Amino acid sequence: MRIAVVGAGGVGGYFGTRLAEAGNEVTFVARGRHLRAVREHGLLVRSPLGEFRAPAASFVPRIGDVDPVDVVLVAVKLWDTEEVAAQLRPLVDAGARVISLQNGAHKDSVLRRYLPPEAVWGGVCYISAVIEEPGVVSHRGQMQKLVFGTYGDQEDAGARNFLDACVKSGLQAEISADIARAIWEKFVFLVGLSATTTVVRQPIGVIRRDTRTRALLRDVMAEAVAVGRTAGVNLDSGFADDRLAFCDTLPESMTSSMHHDLDQGNRLELPWLSGGVVDLGRELGVDTPRNRTVADILAPYTFGRPAVNG
Ligand SMILES: NC(=O)C1=CN([C@@H]2O[C@H](COP(=O)(O)OP(=O)(O)OC[C@H]3O[C@@H](n4cnc5c(N)ncnc54)[C@H](OP(=O)(O)O)[C@@H]3O)[C@@H](O)[C@H]2O)C=CC1
Ligand SMILES: CC(C)(CO)C(=O)C(=O)O
């Protein structure tokens with residue numbers, strides 16, 4: 001299968017390299033120091049599942065350099081979505097379907113502003129992976145799963161082909177018949193995990209053991225569930241408790257990409273995570289005090305580590 005991966009970081013680097021190693025024609029769009037490193041040595045993915053490599057020749061600097069493909073995977077941070085979406089039309093006109101593996105519940109509405117709705121499939125991924133140094137992606141833990149599907153009732157044979165390509169590449173993957181719900185299910189969990197691990201600056205093991213941070217985790221997720229249900233998403237009313245039980249199964253040291261970004265002094269996806277719950281809650285008339293407090297506490301870190309003047 002011909003696949004383009006826009007953003008060759010933790011997510012795009014891992015899933016794209018696995019697909020490439022299995023013989024799919026994968027082209028990565030990368031930039032900056034990471035691009036310079038992969039153009040020289042290719043991309044190395046270090047994972048508990050093995051070491052995987054994508055060749056230097058599969059990396060290009062611009063979306064416009066990508067030949068026609070069957071599937072485009074979008075794997076840039078959320079603030080870059082709009083810029084990427086605005087450049088995908090020629091690939092879609094040549095037949096590509098687009099799947100965003102990004103977090104958050106609003107990414108596909110950004111894609112749909114630039115692309116015909118049938119070209120945008122919903123998608124979500126479960127993985128913990130980061131750029132360890134330019135040219136090297138590190139996969140932490142065993143989790144590595146893709147869920148995707150078309151919106152509405154229409155089947156698309158291409159989705160089944162992409163599923164086959166994923167499974168043959170050793171990826172855990174499934175097609176969801178209700179992808180909006182699957183995206184929100186991940187969103188609820190991620191908002192809880194990212195809010196608590198980032199505010200407390202500790203992994204899930206610490207958060208779930210302390211009764212007060214455990215309650216915070218549950219309340220943050222319950223607010224996201226309430227907002228999702230009010231928005232018309234088919235989430236169970238007890239879904240926050242279900243996710244709390246899921247959090248109890250995670251490795252003690254697991255944390256969120258937002259916590260990693262805070263630690264590194266990077267920009268945060270906060271405005272689309274707890275901040276996104278607050279904004280949508282405000283629009284829909286749902287109170288979200290716990291998420292608002294998280295968003296307020298972390299606000300000074302949104303664009304990276306704040307400078308202390310004087
Ligand atoms: N990391 C994780 O474990 C998980 C992340 N996610 C989600 O996946 C998305 C991607 O996250 P992640 O992989 O961590 O991000 P990374 O920052 O690791 O990777 C994104 C890469 O894309 C590059 N990039 C951005 N815009 C462009 C562009 N226009 N052309 C070429 N390259 C570009 C970035 O460059 P630069 O550094 O210069 O900006 C960076 O190298 C996020 O929404 C995140 O929430 C979901 C599940 C798990
Ligand atoms: C929670 C996790 C690691 C699961 O994929 C994630 O999506 C993130 O932290 O961004």
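Analyst: Happy to! Let's begin where the domains meet: 15 residues of domain 1 are in contact with 15 residues of domain 2. Keep in mind that this is a predicted model.

User: Which elements give two or more residues to the side of domain 1 that touches domain 2?

Analyst: Those are β8 and β9 (136-149). β8 gives the most to that side, with four residues.

User: And how do the residues on that side of domain 1 divide by class?

Analyst: The side of domain 1 that touches domain 2 has six nonpolar, eight polar and one charged.

User: Okay, on to the ligands. How many residues surround ligand 1?

Analyst: Ligand 1 is surrounded by 29 residues, and the closest are G7, G9, G10, Q102 and N103. The elements giving two or more residues to that shell are α1 (10-21), α2 (32-41), α3 (81-85) and β8 (120-133).

User: Which of them gives the most?

Analyst: That's β8, which gives six residues to the shell around ligand 1. By class, the shell around ligand 1 has 14 nonpolar, 10 polar and five charged residues.

User: What about ligand 2, which residues are around that?

Analyst: Around ligand 2 you'll find N103, Y126, I127, S128, L190, L193, S194, S256 and S257. Here the elements giving two or more residues are β8 and α7 (179-200).

User: How does the shell around ligand 2 divide by class?

Analyst: Into four nonpolar and five polar residues, with no charged ones.

User: Nice. Changing topic: you mentioned α7. At what angle do α7 and α13 pack?

Analyst: α7 and helix α13 (residues 289-298) pack at about 45°, with their axes 10 Å apart. That makes α7 oblique to α13.

User: Is that crossing left-handed or right-handed?

Analyst: The crossing of α7 and α13 is left-handed. On the α7 side, the contact is made by V191, A195, T198 and V199, and on the α13 side by N291, V294, I297 and L298.

User: How do those contact residues divide by class?

Analyst: The contact of α7 with α13 has six nonpolar and two polar residues, and no charged ones.

User: One more pair, please. At what angle do the axes of α9 and α12 cross?

Analyst: Helix α9 (residues 211-230) and helix α12 (residues 274-284) have axes that cross at roughly 45° and come within 10 Å. α9 and α12 are therefore oblique to each other, and their crossing is left-handed.

User: Which residues make that contact?

Analyst: From α9 there are E223, A224, V227 and T230, while α12 brings V277, L280, G281 and L284. The residues of the contact of α9 with α12 divide into five nonpolar, two polar and one charged.

Terms used. Residues are numbered from 1 along each chain as its sequence is written. Chains are lettered from A and ligands numbered from 1 in the order in which they are written. This is a predicted model: local features need pLDDT of at least 70, side-chain atom pairs count only at pLDDT 80 or more; totals for chains, interfaces and linings use all residues. Axes are lines fitted to C-alpha atoms, for helices over the stretch in contact, and angles run from 0 to 180 degrees between N-to-C directions. Angles under 35 degrees count as roughly parallel, over 145 as roughly antiparallel, 65 to 115 as roughly perpendicular and the rest as oblique. A crossing is left-handed if the near helix is turned anticlockwise from the far one by less than a right angle, and right-handed if clockwise. Two residues are in contact if their C-beta atoms, placed from the backbone, lie within 7 Å. Ala, Val, Leu, Ile, Met, Phe, Trp, Tyr, Cys and Pro count as nonpolar, Asp, Glu, Lys and Arg as charged, and the others, Gly among them, as polar. A residue is near a molecule or strand if its C-beta atom, placed from the backbone, lies within 6 Å of it.
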